[in-house]
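Please bring up the sequence and the model, and I will go through them step by step.

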Amino acid sequence: MAARADRPPGARAARGYRNLLLDGGFGEARVEVDTAVFTDGLLLPMLGHLAEAARAAGAVSAAEAEAWMSDQRERGAAGRAFVAIPIFTVTAVRT
């Protein structure tokens, strides 16, 4: 995951949402986090991209990436996968 975490532009932007609102003159800024959990194979394409990025970065070998993906496919088919994605919601009041 670390091999992929910082690749997208603004990958860590959510960490600054609250401060951006406060700096923009908003008050009562609140951050809430909900986590979407997937236990089936729905996110296998995303996991495949993560495995490929880790392989391309040299974090894992091609064989390790394929072994991990094989395990994820089996888990997804059995309803035993586990992918958790945090969803940040920030609210504030214009002062």
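Let me begin with a question: with which residue does R75 form a salt bridge? The partner is D71, and in this predicted model the closest N and O atoms of the pair are 2.8 Å apart.

E66 is bridged to R73, with the closest N and O atoms 2.4 Å apart; E66 is partly exposed at 42% relative accessibility, and R73 is partly exposed at 37%. A further bridge joins R30 to E32, where the closest N and O atoms are 2.4 Å apart, and E32 counts as partly exposed, with a relative accessibility of 38%.

Let me now step back to the whole chain. It contains four helices and two strands, and from the N terminus on these elements follow one another in the order α-α-β-α-α-β. The radius of gyration is 18 Å, whereas the globule rule gives 12 Å for 95 residues, so the chain is more spread out than a compact globule. Along its principal axes, the C-alpha trace spans about 55 × 30 × 15 Å, and of the 95 residues, 15% count as buried. When we take the contacts between residues at least 6 apart in sequence, 79% of them join residues at least 24 apart.

My last stop is F26, which has its place in strand β1, residues 26-38. Leaving aside neighbours within four places in sequence, F26 is in contact with L21, A92, V93, R94 and T95. One of these, R94, lies over the face of F26, at 5.0 Å from the ring centre, while the structure holds zero aromatic pairs. With a relative accessible area of 28%, F26 is partly exposed.

Methods
Residues numbered from 1 in each chain as written. Predicted model: local features only at pLDDT ≥ 70, side-chain atom pairs only at ≥ 80, totals over all residues. Heavy atoms only, no water. Phe/Tyr/Trp six-rings, centres within 6.5 Å; stacked < 30°, edge-to-face > 60°. Lys NZ or Arg CZ within 6 Å of the ring centre and 35° of its normal. Rg over C-alpha atoms; globule rule 2.2 N^0.38 Å. Buried < 20%, exposed > 50% of the residue type's maximum accessible area, 1.4 Å probe, protein only. Contact = heavy atoms within 4.5 Å. Salt bridge = Lys/Arg side-chain N within 4 Å of Asp/Glu carboxyl O.
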